[in-house]
Amino acid sequence: MKAGVDNFKPLTIDTVTADSTVITGSGEPNFLLAFAVNGKTIATGSVLSSGRYSITIPRQEAGAVIDGIEHDAHNINRMYITETIVQPGNMAKTTIDELTTDSNTVSGTGEPGGIITITNGFTTIASGVIQPDGSYQFPILPQPAGSTVVATVIADGKFETAFTIVKDNTIVQTTINGVTQLDTRVTGTGEPNGNIELRNGGTLIASGKVDINGNYDLPISKQSAGSVITATVTKLANGKTSSASTTVIANEVSAPVITAPTIYDVDTQVSGTSTADKIFVYNQSGLKIGEAIVVGGRFTIEFPKQQAGQTLYFTAVDKEGNHSDFTTRLVEKATIEITRAKKIGIVGNTEQLNVTTNPPGLPVVWTSSNPAVASVSTTGLVTYKSAGTATISATISSGTAATVQVDVSKVAGPEITTPVYDTTTEVTGTAPAPGKVNAYVDGEKIGSATVNPDGTFTVTFPEQGVGSVIEFKAETPNGYESDPTKETVKATTIKINEKITSGFVGKTETLTATTTPKDAKVTWSSSKSSVATVNTTTGVVTFKAAGTVDIIAKLANGKSAKVTITVIGTPEVTTPIYDLTTEVTGTGTPESTVVAYVDGEEIGRTVTDDDGDFTIIFPAQEAGSDIQFVAEDANGVSGNPSTVEVLASTIKINETGKTGFVGDTQQLTVTTTPVNQAATWKSSNVSVASVNSKTGLVTFKAVGSVTITATLKSGATATTTIKVTKKSIRHT
């Protein structure tokens with residue numbers, strides 16, 4: 001509103017909010033200003049020569065009306081009046097101070113006068129109004145570690161939130177495992193990453209850090225039996241401590257013997273033997289969980305069930321309280337497995353389920369996930385009630401369970417237990433009883449059979465072609481058929497298993513065949529019975545003469561397989577063998593190998609020519625030895641041998657004269673077997689008579705008696721004794 005008649009710039013006020021502490025705008029330069037709320041002046045000032053102003057004011061509530069007046073300092077009648085309404089401001093930022101598991105108050109800051117709600121999840125743990133100074137503090141119950149606490153402030157239709165995660169201010173309880181007077185390490189558990197000290201009485205014996213998993217293992221010197229070791233862990237975050245102690249155990253007492261090799265998570269007692277008076281058992285946290293008295297050297301100690309993977313420590317204690325070393329046992333997980341014969345249940349039928357447990361004989365609790373489909377008794381007898389699926393569970397006392405899913409249907413399809421080939425005219429299988437099994441090809445029934453009381457059946461039908469699909473359907477007494485069980489007709493096959501290519505006269509070889517279907521009837525035949533015959537049912541081949549022959553295996557439907565065999569004869573030697581012989585001739589199968597053996601050791605080898613003739617060379621053998629001549633095939637397999645005995649060579653001096661005269665000579669000769677063998681001659685007394693070692697010519701030198709010896713290479717000898725005299729001189 002403008003008063004007076006002079007022209008001057010009217011007063012304007014910029015937007016003012018509940019957060020504003022300065023009021024600005026424009027007006028007539030150098031005019032005086034005054035601002036009031038509800039008739040009370042809140043600020044005064046003047047317009048700058050620039051026509052703008054900026055004056056400090058206290059914060060005002062949203063909706064308040066600020067009246068502004070400008071006027072000439074020299075003429076009060078020159079004035080201008082205007083007003084503005086205070087707009088809502090921005091909310092103050094909401095904060096929430098850190099909380100721990102020990103906190104029993106929650107505090108922070110927010111919009112003064114705002115409504116605040118403190119929640120943890122969906123639970124409201126405190127609420128109220130923010131103080132005029134923007135602070136709040138409310139009592140709360142301690143909150144769980146790791147949970148999120150949210151502060152929500154609402155003011156003037158706006159809201160602000162803040163949260164904090166509750167920090168764990170507790171400390172893990174420290175444990176210390178048992179220590180004996182011989183131990184040089186101490187183990188246990190405590191606050192992860194905490195500092196740990198081990199003291200015996202007031203003496204520090206070790207210090208270190210708990211690892212990230214909460215375990216510690218510190219070296220110590222051996223401590224006296226009966227002394228007490230205390231482990232103290234300090235949590236770095238809050239300085240809290242936790243301690244545990246153990247008494248050092250003497251080791252003179254013998255450790256107890258636990259009879260059972262394994263302790264399971266279902267066991268609550270074990271037995272054993274000991275020479276001490278009592279038995280204690282500790283868990284791996286060092287807590288004693290059982291105690292027993294030894295009677296007559298035996299004990300049974302009871303304890304709570306332990307989790308699999310935990311270690312139990314058994315110690316024997318004598319009358320003086322001395323403890324033995326620990327006997328430890330790792331707790332194993334007891335197992336259970338359900339055994340089931342059937343795959344599908346039929347409504348109205350029952351099935352007995354059985355379990356195998358380790359250890360054996362554990363009690364079992366049976367349950368069904370869907371009793372409307374299949375119920376189960378306390379003994380594992382399942383009753384199928386309606387079509388559907390149910391899970392049957394068997395649970396042992398440790399909580400370990402085995403499950404089996406049962407599918408229940410109104411009509412179960414047949415199971416075919418024999419393969420179907422193009423020669424098959426009947427198949428066997430199992431199906432629900434009572435009932436029938438029908439066989440179809442392309443929708444046409446080709447066979448039907450009644451199911452036996454034990455659930456088995458045999459259905460016959462004509463032979464079907466390879467690749468045909470036979471559908472087998474189970475039929476209930478009321479005429480309902482199951483989904484088909486499809487079998488594709490397979491081709492019959494036959495194969496001779498042995499890869500034989502050669503044989504030897506006089507020997508036999510058993511041939512076998514693999515057929516589909518398995519064990520189909522096979523008939524054996526020979527293409528040339530003069531070379532080899534074969535038993536028609538057993539496949540035993542007898543080799544009779546050298547040559548080539550086909551052995552055929554044939555099925556009833558005409559399918560066959562064959563193997564071609566070259567039959568090798570026994571080599572025959574055509575010359576006698578003496579202890580001087582190094583080469584013999586003979587005959588055998590053309591282009592075959594002939595090997596000579598003495599006492600199993602090869603002495604010669606050759607190959608027959610196109611006519612079967614051979615010459616074989618070998619070292620001379622002792623008389624009386626047997627040389628075996630064997631034919632051998634390309635694979636090194638040998639036939640029956642021909643055996644030739646080595647004959648002794650002989651020598652005889654032909655001349656019969658027993659006298660000789662000094663100065664004369666005499667030619668000695670020999671007869672040998674084999675003939676024409678060279679002899680070596682020798683004189684027993686060269687002063688009486690000498691002999692040419694090669695020719696046998698004897699020269700008589702002096703009166704006396706001499707023995708002349710002829711020797712063959714084999715060592716055979718002949719001798720003659722000659723009396724040498726002087727010639728008589730006749731006087732006339």
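Over the ring of which residue does the charged end of Lys473 sit? In this predicted model, where local features need pLDDT of at least 70, side-chain atom pairs count only at pLDDT 80 or more, and totals for chains, interfaces and linings use all residues, the ring is that of Tyr440, with the charged end of Lys473 placed 5.3 Å from its centre. A charge is taken to sit over a ring if NZ of Lys or CZ of Arg is within 6 Å of the ring centre and within 35 degrees of the ring normal. Lys288 likewise lies over the face of Phe280, at 4.0 Å from the ring centre. Residues are numbered from 1 along each chain as its sequence is written, and side-chain values use heavy atoms, with hydrogens and water left out.

Aromatic rings were also compared with one another, the rings of Phe, Tyr and Trp (its six-membered ring) being paired if their centres lie within 6.5 Å, with planes under 30 degrees apart counted as stacked, over 60 as edge-to-face and the rest as tilted. The count by this rule is 8 aromatic pairs, and one aromatic cluster is formed by Tyr282, Tyr313 and Phe326.

Two buried residues illustrate the packing of side chains, where buried means under 20% relative accessible area, exposed over 50%, and partly exposed in between (1.4 Å probe, protein chains only). Ile140, in the loop between strand 12 (135-139) and strand 13 (148-155), has a relative accessible area of 8% and is therefore buried. Strands, like helices, are DSSP runs numbered from the N terminus (E, at least two residues, for strands; H or I, at least four, for helices). With contact defined as heavy atoms within 4.5 Å, and residues up to four places away in sequence not counted, Ile140 touches Leu99, Ser103, Asn104, Thr105, Val106, Ile125 and Ala126. Of these contacts, Thr105 is 35 residues from Ile140 in sequence, yet the two C-alpha atoms are 5.1 Å apart in space. Thr164, in strand 14 (residues 158-165), counts as buried because its relative accessibility is 11%; under the same exclusion of sequence neighbours, its contacts include Ile96, Leu99 and Val149.

Strand pairing was assigned if DSSP finds at least two bridges between two strands. Strand 34 pairs with strand 37 (residues 388-395) in the antiparallel sense over 4 bridges, and Ser393 of strand 37 is the bridge partner of Thr367.

An open sheet of 3 strands, antiparallel in its pairing, has the order 55-56-59. Strand 55 (572-573) and strand 59 (613-617) are its edges, each with a single partner strand, so one side of each is left without a neighbour in the sheet. Strand 56 (residues 583-587) is joined to strand 59 by 5 antiparallel bridges, with Phe614 in strand 59 as the bridge partner of Gly586. Another open sheet of 3 strands, also antiparallel, has the order 48-52-51; strand 48 (508-510) and strand 51 (532-534) are the edge strands, each pairing on one side only. Strand 51 and strand 52 (residues 540-543) pair over 3 bridges, and Ala532 stands opposite Phe543 in strand 52.
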